[in-house]
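Let us walk through this structure together, one region at a time. Please keep the sequence and the 3D view at hand as you read.

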2 protein chains.
Amino acid sequence: MNYFSSNFKLGILGGGQLGKMLLYETRKWDIHTKVMDASPEAPCKIGCNEFVQGDLMDFDAVYQLGKQVDLLTIEIENVNLDALEKLEEEGLKVYPPTKALRIIQNKAKQKLFYVDQGIPTAKFQRFAYKSEIEDSVSNGGLSLPFVWKAAQFGYDGQGVKIVRKLQDLEGLPPGECIAEEMVYFKNELAVVVARSASGEIKTYPVVEMEFHPEANQVEYVICPARIDTKVAQKAREIALKVSEKIQQVGLLAVEMFQTQEDGILVNEVAPRPHNSGHYSIEASYTNQFEQHLRAILGFPLGKTDSKLPGIMVNLVGAEGHTGDVIYENMETILGKQGVTPHIYGKKQTRPFRKMGHVTIVNENVERAREIAQQVKEKIRVVSK
Amino acid sequence: MNYFSSNFKLGILGGGQLGKMLLYETRKWDIHTKVMDASPEAPCKIGCNEFVQGDLMDFDAVYQLGKQVDLLTIEIENVNLDALEKLEEEGLKVYPPTKALRIIQNKAKQKLFYVDQGIPTAKFQRFAYKSEIEDSVSNGGLSLPFVWKAAQFGYDGQGVKIVRKLQDLEGLPPGECIAEEMVYFKNELAVVVARSASGEIKTYPVVEMEFHPEANQVEYVICPARIDTKVAQKAREIALKVSEKIQQVGLLAVEMFQTQEDGILVNEVAPRPHNSGHYSIEASYTNQFEQHLRAILGFPLGKTDSKLPGIMVNLVGAEGHTGDVIYENMETILGKQGVTPHIYGKKQTRPFRKMGHVTIVNENVERAREIAQQVKEKIRVVSK
């Protein structure tokens, strides 16, 4: 198939910032795109060839989109999987494959998959209802503290809570969930793996994630991670194994814990371009969005090495600000060396909403980290 | 002015491949754009916020666009300057300024400007009509061979011809032109200069251009140029002087000859992102399109150094092929290290038409040059 400047149509489910950045690459290769998103104001509305408003969880909407394209991919994993399955049965290429999405969409299934495949992960228990947790704590089957996670539809720190006492469970949604052992980790790491339709597979370097203590959101992503090369090698091998075992086609971002004993535990995965790979736009030979395209179109994968060390700073809405967004001190950060802001184009800010990110590249990773901190301290995403 | 996610509107005259690549950057910063181009199929139609079909040489069309935006820039210099001048008088920011465009749009004026400003350039004579050239040769005022150049509206090697005998003048357009002394150069070089609305100025490294012997089009652009550092320094200084003297705001690409004696002669300039700067997307800390935005918006200029050596190969239509385009062997070149193709999205190919380009980055410039040659030899832009 000759994808370039041809009649080929790529369908994309979801029109947020990940889709927006993917569209830079489809434009670069002149690949015709048709995007569906629930919001008529989605960032992807500009930059795609065709935009259709539709509910990603609705069978008919997803099925109809699938019938109008030659290949279907996603930029968010919360989509109607029955529709994808039917499309696959009818011969459409759906990447990531529905089977992989079924495992990933439900965190309980995802954890069971790790256990089945011998992939190291933190101990956990699975509950059909939140109410079962209290019983389990009472009868000694589950010890405090633990990490509560909703089985489905978590995003941006939603759907995860550290439970130190039973009262912490109040206000959480009632449905299927897991209780995971607390991991007192040394570092949080991530590896983006690309696996192509033809089975070729490559990992990006290990990145190190520094989290905001309250919002459970990544503040800095540092590439390369400042860790021992043996630990990095182990992390890449485990990430590779997850991608292979799950039979992914496209990108898979594997988030991991480095334990105090330098063990690696898989935390969770995302079957798409990911926040932990944004640094690649400026720092890598092949950015993650181009790599995702290469993978799903069955092209040879690009080089995953870095040109330079890179650090990403998330731009999230400041606390106490909700409404029409403005970005303060952009000019100041543009005056620093090797700094590239990305603004996602969401018109409304709210506390901790992901509104953009900034990449810092520098020959020296420690110097990059200093500049990243200056950027973080200076820039403010506020309402008018 | 807070440009990001605001009501600010940037007008862009021209909707070709340069505009298309500029739009990746306006999307990255969520800057609202309104593009005008004569073609309803212009590559910029996707990726801008608003598109209007209009003749760039038409006073009313350009004036009307200007009244609907807060700042006006160009991606091609052949636009109606009277309209721009009136808009400027009425208070609109027009970058590049009309004065600079008046000098650049007419090659005879451009040459006179170099002479007035003490900028080295090849000797030339100016003619109001082509017929005057024959008289001048007959009476010994002009010696063969020389380079004939139309004063206006040359593009992609059009409007330039080497005249070795008088018959070579046959078929050339009759209007204003110059006859320039042949320069037997050692190298053709270019320097992209960024000058911001606030007067800040920076040069990119010197690039070396290898031309196709027949089509008078660049085949390879190599950054950094493989020349003596003193010559490179001289080229950067001269380019800087041109940008300052012409009072440019935005980018200025300065094309130069390196003579056999290592002198530098300015050949011509383009007041916008330029083919000789495309390598910067993958190779530079700040790509030329982002830099153009920084300059016209009055932001601090970004670092112009390279992350790695980079080489650009132009993808032009193969001889003997006119019609619906296909790109042969894209998959093969994607299998090589550090190779990024850009497809402009023109649906029709014709011999030597610029259809795209490919960037090769590598730590070693000689190795990059080898891969570039493989890319050039392998890829073919043909009709179906």
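The lining of the second largest cavity is made up of six nonpolar, two polar and four charged residues. In this classification Ala, Val, Leu, Ile, Met, Phe, Trp, Tyr, Cys and Pro count as nonpolar, Asp, Glu, Lys and Arg as charged, and the others, Gly among them, as polar. The volume of this second largest cavity is about 100 Å³. Chain A gives Lys20(A), Leu23(A), Tyr24(A), Arg27(A), Ile46(A) and Gly47(A) to the lining, and chain B gives Lys20(B), Leu23(B), Tyr24(B), Arg27(B), Ile46(B) and Gly47(B). Two or more of the lining residues come from H1 of chain A, and likewise from H1 of chain B.

A few words on how to read these names and values. What you see is a predicted model, in which local features need pLDDT of at least 70 and side-chain atom pairs count only at pLDDT 80 or more, while totals for chains, interfaces and linings use all residues. Residues are numbered from 1 along each chain as its sequence is written, chains are lettered from A and ligands numbered from 1 in the order in which they are written, and side-chain values use heavy atoms, with hydrogens and water left out. Helices (H or I, at least four residues) and strands (E, at least two) are DSSP runs, numbered from the N terminus. A cavity is a set of points, on a 1 Å grid over the protein atoms alone, where a 1.4 Å probe fits but cannot get out, and its lining residues have an atom within 4 Å of a point. Grid points are joined across faces, edges and corners, and a volume is the space filled by probe spheres set on the points.

How many cavities of 30 Å³ or more does the structure hold? There are eight of them. The largest cavity takes in about 460 Å³ of space. It is lined by 31 residues, and those closest to its centre are Glu25(A), Ile281(A), Asn287(A), Ile281(B) and Asn287(B). By class, its lining has 10 nonpolar, 11 polar and 10 charged residues. In chain A, at least two lining residues each come from H1, helix H8 (280–283), helix H9 (288–297) and strand E18 (339–343), and the elements H1, H8, H9 and E18 of chain B each do likewise.

Now look at the two H1 helices themselves. Helix H1 (residues 17–28) of chain A packs against helix H1 (residues 17–28) of chain B at an angle of about 180°, and their axes are 11 Å apart. Axes here are lines fitted to C-alpha atoms, for helices over the stretch in contact, and angles run from 0 to 180 degrees between N-to-C directions. H1(A) and H1(B) are therefore roughly antiparallel to each other, since angles over 145 degrees count that way, while those under 35 are roughly parallel, 65 to 115 roughly perpendicular and the rest oblique. Lys20(A), Tyr24(A), Arg27(A) and Lys28(A) meet Lys20(B), Tyr24(B), Arg27(B) and Lys28(B) in this contact, where contact means heavy atoms within 4.5 Å.

Another helix pair lies within chain B. Helix H4 (residues 98–105) and helix H5 (residues 107–117) of chain B pack at about 105°, with axes 5 Å apart, and H4(B) and H5(B) are therefore roughly perpendicular to each other. Arg102(B), Ile103(B), Ile104(B) and Gln105(B) of H4(B) touch Lys107(B), Lys109(B), Gln110(B) and Phe113(B) of H5(B).

One is an open sheet of five strands with parallel pairing, in the order E3-E2-E1-E4-E5; two strands pair if DSSP finds at least two bridges between them. Strand E1 (residues 9–13) and strand E2 (residues 32–37) of chain B are joined by five bridges, and Lys9(B) stands opposite His32(B). An open sheet of three strands in chain B has antiparallel pairing and the order E19-E17-E21.

Finally, turn to some backbone details. The peptide bond from Leu144(A) to Pro145(A) is cis, with omega near -10°. Another cis peptide bond, with omega about 5°, joins Tyr95(B) and Pro96(B), and Pro96(B) sits in the loop between E5 and H4 of chain B.

Methods:
1 Å grid on protein atoms, 1.4 Å probe; cavity = no way out; pocket = protein on both sides within 12 Å on 5 of 7 lines; lining within 4 Å.
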